[in-house]
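User: I am new to this structure. Please show me how to read its features, one at a time.

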Amino acid sequence: MNIHSTAFAPDAPAPGWPELADVDLLRTLVETERRRRRLDAAMRAAVAEAERRGLAADTGYRDTVELLTDLLRISADDARRRIGYAARQARPRSRKVWRVLAAAS
């Protein structure tokens with residue numbers, strides 16, 4: 001894929017970046033960010049599920065950090081960061097939110 005690919009923004013024209021109309025560049029920015037966020041959310045959910053299942057131990061890895069570094073070819077720091085993001089996403093709602101929901105019913 002060349003650096004000017006429109007794979008992430010199918011409505012954008014194919015010419016190079018300098019020839020792109022402003023509106024098409026804006027569309028490319030928005031569409032690319034939308035897709036990046038969806039991919040990030042999918043990765044966080046997958047990492048959280050791997051942690052929940054204990055997939056690392058089941059597949060012979062010491063921990064999820066080791067599994068991710070080997071499987072995804074990322075650094076241990078990046079793996080730990082992804083696990084941290086996934087853990088924050090997987091946490092239950094705070095008690096304050098539950099109190100607000102209970103009071104509203």
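Analyst: Start with salt bridges. A salt bridge is a side-chain nitrogen of Lys or Arg within 4 Å of a carboxyl oxygen of Asp or Glu. Keep in mind that this is a predicted model.

User: How many salt bridges does the structure hold?

Analyst: The general idea comes before the count. Side chains of opposite charge can pair when their charged atoms come close. This structure holds 13 salt bridges.

User: Which residue meets Asp 24 in a salt bridge?

Analyst: Arg 27 does. The N to O distance between the two side chains is 3.1 Å. The pair is also joined by a side-chain polar contact of 3.1 Å. Asp 24 is found in helix α1.

User: Where do the two partners lie relative to each other in helix α1?

Analyst: Asp 24 and Arg 27 are 3 residues apart in helix α1, so about one helical turn separates them.

User: Is Asp 24 buried or exposed?

Analyst: Buried means under 20% relative accessible area, exposed means over 50%, and partly exposed is in between. Asp 24 counts as buried, at 14% relative accessibility. Arg 27 counts as partly exposed, at 46%.

User: Which residue forms a salt bridge with Glu 49?

Analyst: Arg 52. The closest N and O atoms of Glu 49 and Arg 52 are 2.6 Å apart. These two are also 3 residues apart in helix α1, so they too are separated by about one helical turn. Glu 49 is partly exposed at 26% relative accessibility, whereas Arg 52 is exposed at 61%.

User: What is the partner of Arg 62 in a salt bridge?

Analyst: Glu 66. The closest N and O atoms of this pair are 3.3 Å apart. Arg 62 is exposed, with a relative accessible area of 67%. Glu 66 counts as partly exposed, at 25%. Salt bridges can also share partners. In this way Glu 33, Arg 36, Arg 37 and Asp 40 are joined into one network.

User: Now the nonpolar residues. Which residues make up the largest nonpolar core?

Analyst: The general idea again comes before the case. In soluble globular proteins, nonpolar side chains tend to be buried together. In this structure the largest nonpolar core has 10 residues: Val 47, Ala 48, Ala 56, Val 65, Leu 67, Leu 68, Ile 74, Ala 79, Ile 83 and Ala 86. At least two residues of this core come from each of α1, α3 (64-72) and α4 (76-90).

User: Which residues form a nonpolar patch on the surface?

Analyst: Trp 17, Leu 25, Leu 26, Leu 29 and Val 30 form it. Together these residues have about 480 Å² of accessible area. Trp 17 is in the segment before α1 (22-53). Its relative accessible area is 34%, so Trp 17 is partly exposed.

User: One last feature. What separation do the C-alpha atoms of Ala 42 and Ala 86 have?

Analyst: Read sequence and space side by side. Ala 42 and Ala 86 are 44 residues apart along the chain, and their C-alpha atoms are separated by 10.0 Å. Ala 42 has its place in helix α1. With a relative accessible area of 45%, Ala 42 is partly exposed.

Notes: Residues are numbered from 1 along each chain as its sequence is written. This is a predicted model: local features need pLDDT of at least 70, side-chain atom pairs count only at pLDDT 80 or more; totals for chains, interfaces and linings use all residues. Side-chain values use heavy atoms; hydrogens and water are left out. Patches are made of residues with over 30% relative accessible area and no salt bridge: like charges are joined within 9 Å, nonpolar side chains (Val, Leu, Ile, Met, Phe, Trp, Tyr) within 5 Å. Accessible areas come from the Shrake-Rupley method with a 1.4 Å probe; for residues, only the protein chains shown count as cover. Helices (H or I, at least four residues) and strands (E, at least two) are DSSP runs, numbered from the N terminus. Buried means under 20% relative accessible area, exposed over 50%, partly exposed in between (1.4 Å probe, protein chains only). A polar contact is a pair of N or O atoms within 3.5 Å; within protein, one must be able to donate a hydrogen and the other to accept it, and residues adjacent in sequence count only if both atoms are side-chain atoms. A nonpolar core is a set of buried Ala, Val, Leu, Ile, Met, Phe, Trp, Tyr and Cys residues joined through side-chain atoms within 4.5 Å.
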